[in-house]
Amino acid sequence: MKNKNIETTIKLPEGKFCSGNCSGCVYWNPYDKDSNGRQYCSWYDTYYYPHERNGCLSRKD
């Protein structure tokens, strides 16, 4: 069996990805916590640990 290199190209529309987590996000409320210590995100209307939302697309810098 021959080893073939396969290349894939993905074209994205205009925009950018941010690599930040919840810390500093305008939707993050670190003082509103659930019983597990997760902090509230008003954009997703749920609770997360900040590291769970790494690369969040709703983050505003």
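Is Tyr44 buried, exposed or partly exposed, and at what relative accessibility? Tyr44 counts as partly exposed, at 31% relative accessibility (buried means under 20% relative accessible area, exposed over 50%, partly exposed in between, with a 1.4 Å probe and protein chains only).

## About the model

This is a predicted model, in which local features need pLDDT of at least 70, side-chain atom pairs count only at pLDDT 80 or more, and totals for chains, interfaces and linings use all residues. Residues are numbered from 1 along each chain as its sequence is written, and side-chain values use heavy atoms, with hydrogens and water left out.

## The sheet

An open sheet of 3 strands runs in the order β1-β2-β3, with antiparallel pairing; β1 and β3 (46-48) are the edge strands, each pairing on one side only. Strands here are DSSP runs (E, at least two residues), numbered from the N terminus, and two of them pair if DSSP finds at least two bridges between them.

β1 (residues 28-33) and β2 (residues 39-41) share 3 bridges, with Trp28 partnered by Cys41. The hairpin they form has 5 residues between the strands, and Gly37 in the turn has a positive phi of about 90°. Another 3 bridges join β2 to β3, where Tyr40 stands opposite Tyr47.

## Aromatic pairs

Now for the rings: the structure holds 3 aromatic pairs (ring centres of Phe, Tyr or Trp, its six-membered ring, within 6.5 Å; planes under 30 degrees apart are stacked, over 60 edge-to-face, the rest tilted). One of them is the tilted pair of Tyr27 and Trp43, 4.9 Å centre to centre with 55° between the planes. Tyr27 lies in the segment before β1 and Trp43 in the loop between β2 and β3, so this pair ties together parts 16 residues apart in sequence.

Tyr44 and Tyr48 form an edge-to-face pair, at 6.1 Å and 85°. Tyr48 is buried, with a relative accessible area of 18%.

Notes
Helix = DSSP H or I, 4+ residues; strand = E, 2+ residues; numbered from the N terminus.
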